[in-house]
Each structure stands twice: as structure tokens, then as C-alpha cells.
Amino acid sequence: MTNSEQVLQANSVAESGDDRKQPASLKELAAERPQSSRAPADLNQASPKMQVHDLSVYYGETRAVSEVSLSIPRQCVTALIGPSGCGKSTFLRSLNRMNDMVDAARIEGKVLLDERDIYDRRTDVVKLRKRVGMVFQKSNPFPKSVFENIAYGPRVAGISNMSKLREIAEQSLRRAALWDEVRDRLDKSALDLSGGQQQRLCIARALATDPEVLLMDEPASALDPASTSRIEDLIFELREQYTIVIVTHNMQQAARVSDQTAFFYQGLHHRTFWINAMSKQIKHGLDALQQSILAMSAMVEEMIDNAYLALQQQDPHLAEAVIQADVEVNKREVQIENQCLEILARQQPVAADLRRTVTVLKINNDLERIADLAVNIAERVKSLSQLDRIPVLEIMRDMADTAIAMVRMALDAFVNLDVEIARSVCQRDDEVDNANRQVIDRLRGVMQSDSSAIEAALHYFSASRHIERMADHATNIAEDVIYLVQGEIARHRDDETELMRLESM
């Protein structure tokens, strides 16, 4: 037995009898993953949640809305657009009888909620407004704590159990994509939140009564672009559970978030509406983009699996197959990049759609680099096959398992928009870095003890570095997922924290 074999014997990997459970392949994950974006609704098949028949609204003798008829599909977003003063907000307030609070306001026509007229004398208005919630143009949090803002509606409805109220508060804040930002500030004043956070708090407050319909009167008109993007993302997510009617002056916003759009002009509804063809094209393009990136990720997974297996077995034929597979990955990278550029140029996506397109563009580049690293490992294998064989370090094997799992987890986080998984990937990067340092130290010991093993050890040294770089690219993908979901740039946070610490000294 050579000196190098004696040094590595305790850490060598047996080529058989491995009962270690491997992570599920990306091919399996791809088959299980749901579509992350819902296709625009088929309005011809969607059942109506609300129906408006010949609705006219008067303030005294002034007619603000004239003979509007509109069907509002269930679990869809209906946008109302038109010039200022055309009656959009008046019409919206008529859908849960908020106009009852305005002196001299009266209505003609019918508004049906699940085929029952909400203006029937027997209608309980309090229960109606519980079923049809509303978010106003300007955020109007109560001068109470964050928790008390959410608990107010359930308390009015008769819920007094504190544990139940806390459960409702957490659930509502999660639905409004605000829980992670305020979970440690529930007892603080709601007035201390930013404008965008206050508006999402108002949405959470409306959701706390578990409504069936959510009315939004220009909910993003007073917000900055970043906060507007989050509100639009939230509308997109909420329509899976709620019927939403939104008033907006922004035609692009209507195209982004709605399934149908109604146009008002001087109080008259033109009795026609259209399905947003532009929105459908973007969603179809993003769906095709997702399938392309999933197919590429499955190929890259197979490459890194085979590259490490070739390294473990020092199989030059398997290594050559990895090298040949890179040709197809390169073709797919160009194809996906062209898909992204076509969506950016033709559809001009904004908000969540823009972030998703840019994220795919960046992930595409990271996947191609991971494939290149697999090729680099395969090339090391072909060189090793010409040298005396030494066993693979156990620590290198564990590092490879972790790096491959990180790649899979990062892509799974992307498809499922799971920030928790993405953050766990980022946390595991240090584990791979530490393992790489241990591999280097042990290989240095091998070279010092056996000069004949130096060339082989250098190839293993290079392979270890390539595996560590795979984990870095998986971390990049995970950070892009965090940005996609939360609009938060997670890169270099540790550097920023250290800089702040040094500046405070």
C-alpha cells in the first residue's frame, strides 16, 4: 500500500454498498412542480360572483353612474378604468352599499351577490360588508397597534378568544405578504409603518373578516413604484381565493393584474369589456420560459451527477458523455436567453412579470456555468484515468452531495416561489466552503507524504474547487428567488453588515 493510500484510507469511499439516500432528481421535481403563474381566466366559463343590471347612482338630482350592466366573474380580477369623474369609484362603492353613508345618494337597478339583490330591504348591511370588503385609495390604518388593526373586524363579528384572534392576525398578514415584515412589531403603532406597508395592512384588515369579494379603489395610486409592484403581486396571488374588483387610472396596470377590464366614460359603461390579450401573451410566454428552464435544469442535474460519478469511479467514458452533453446545454442557454429578450422587447413586462423574466435570465446563466463546471470535473477525470488511482476523500463526497442538493433546492425554490427554501440554500454555502478547505488541507497532506501522488492530488484539488463553485451558483439562484418574491436584494448582505459595524466604531 502506498503512502498516499495510507493517508486516505480512513476517508476513502467504497464503490459499492452505498445506501445513502440521494435527493430527488430535477426530472422528478419538474414532474411534481405546479405552474407558478395562473393562466388568464376563461371568462366564458367562469360563473358570475356578482351581477350588475342597469345600475344608476344619483347624488340628489345629479346622475353619477348611468345604467351600467356588468358581470363580475368568480375568482377573477375585474379592472375599472376611465377618466377622473366618470363614476368608477361611485360604482365600486355601490357593490357593498358604501354609498348608503352618503347623504342624498340613491340607486336604481340591481346588484346581485350570488344571485341575491344586495339592495333588498332584508339585506343585513353589516354582514354584506363582511362578505364584500373594501380597500380605499389612501391607506387608513387605525391609530392602534398592528395587531389591533387586524383584530378589529373579527372582534366586531363576535370573536373574543385571544388565541383565535392571533391566529387570524397571522393568517391575514401572511395573505397580505406582510407577516415577515411586522411579525416582531405587532404591538407597535400601525402609523409607524411605511406607506406601502400601511396599504398592505389595510388589505390584511379587510381579509381578516374572510370576505368573498375584495373591492380596491386605486390601492397603489399614492405609492412608490416598489410598493406598487408589491401591491400588484399581492392582487395576482389573492385572486386565487377571492373575487377582486379594482379601480385604476393606469391602463398598463389594468392589463397586468386583471382578467377583464370595463371602461367608464362620463358615467356610462360601454357594455363591452375585453380579456387582456397582452396579459395572456406575457403569461403564456412566462409559462413557456418556465418549461424551458426546467428542461435545462434537468439536463444540468444529470451532468453534475454523472461528472461526480465519473470522478468517483474514474470513468473516462462517462466523463466524455458529460463533455458531449454540454453542447446541448449551450444551445438551450441561447434559446432561453432569446425567449427572455423576446418577452422584454415585445411584451414590456413590469412588476412581478419583469422580475420573473430577469430572474430566469440570470438563472439561465448560472445553470450554464454549473454545466461548464461539470465539464471541468469531467476533464479532470480523463486526466486522472492516466494516473495511478487514489481513493476519493469522504469529505469531498459529502461536499458534492451538498452542492448538488443545493442546486436542486434552489431551483425548487424558484418554481414554488419559496423564500424559506431559498434562504436555507444560502445558509448551506458556508458548509460547502468549509468542506472545500478541509479537502485542500488533506490533499496537501497527501502531496507531502507521497510525491508520486502530487499530480493526481492537484486534479482532485481542482475538482473540489469546481464543486465549491457549483454551490456558489446555487446560492446565486437562491438569492435571485428572494429578489423575485420579496423584491429584496439579498446579495452582499454580510458585507453591508460588516461595513456598518466598522462605520459605527
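1. On a 1 Å grid over the protein atoms alone, a cavity is a set of points where a 1.4 Å probe fits but cannot get out, and lining residues have an atom within 4 Å of a point. A pocket is an open set with protein on both sides within 12 Å along at least five of seven lines. Grid points are joined across faces, edges and corners, and a volume is the space filled by probe spheres set on the points.

2. This is a predicted model: local features need pLDDT of at least 70, side-chain atom pairs count only at pLDDT 80 or more, and totals for chains, interfaces and linings use all residues. Side-chain values use heavy atoms, with hydrogens and water left out, and residues are numbered from 1 along each chain as its sequence is written.

3. The whole structure holds one cavity of 30 Å³ or more. The largest cavity contains about 40 Å³ of space. Its lining is Ile304, Ala307, Tyr308, Ile377, Ala400, Ala403, Ile404, Ile467 and Met470. That makes nine nonpolar residues, no polar and no charged. (Nonpolar here covers Ala, Val, Leu, Ile, Met, Phe, Trp, Tyr, Cys and Pro; charged covers Asp, Glu, Lys and Arg; the others, Gly among them, are polar.) Helices H11 (277-313), H14 and H16 (454-486) each give at least two lining residues. Helices (H or I, at least four residues) and strands (E, at least two) are DSSP runs, numbered from the N terminus.

4. H14 spans residues 394-416. Its 23 residues reach 33 Å between first and last C-alpha, close to the 33 Å expected. The expected span is 1.5 Å times one less than the number of residues. Of the 23, 19 are buried. (Buried is under 20% relative accessible area, exposed over 50%, partly exposed in between, with a 1.4 Å probe and protein chains only.) Just after H14, Leu417 has a positive phi of about 50°.

5. H15 (residues 419-449) should span 45 Å, and its end C-alpha atoms lie 46 Å apart, which agrees. Asp418 caps its N-terminal end, with a side-chain oxygen 3.1 Å from the backbone nitrogen of Glu420. Buried residues of H15 include Val425, Asp429, Val432 and Asn436.

6. The second largest pocket holds about 740 Å³ of space. It has 23 lining residues; Arg129, Lys130, Tyr152, Gly153 and Thr209 lie nearest its centre. H4 gives the largest share, five residues. By class, the lining has 14 nonpolar, five polar and four charged residues.

7. Cys86 counts as buried because its relative accessibility is 1%.

Terms used: A polar contact is a pair of N or O atoms within 3.5 Å; within protein, one must be able to donate a hydrogen and the other to accept it, and residues adjacent in sequence count only if both atoms are side-chain atoms.
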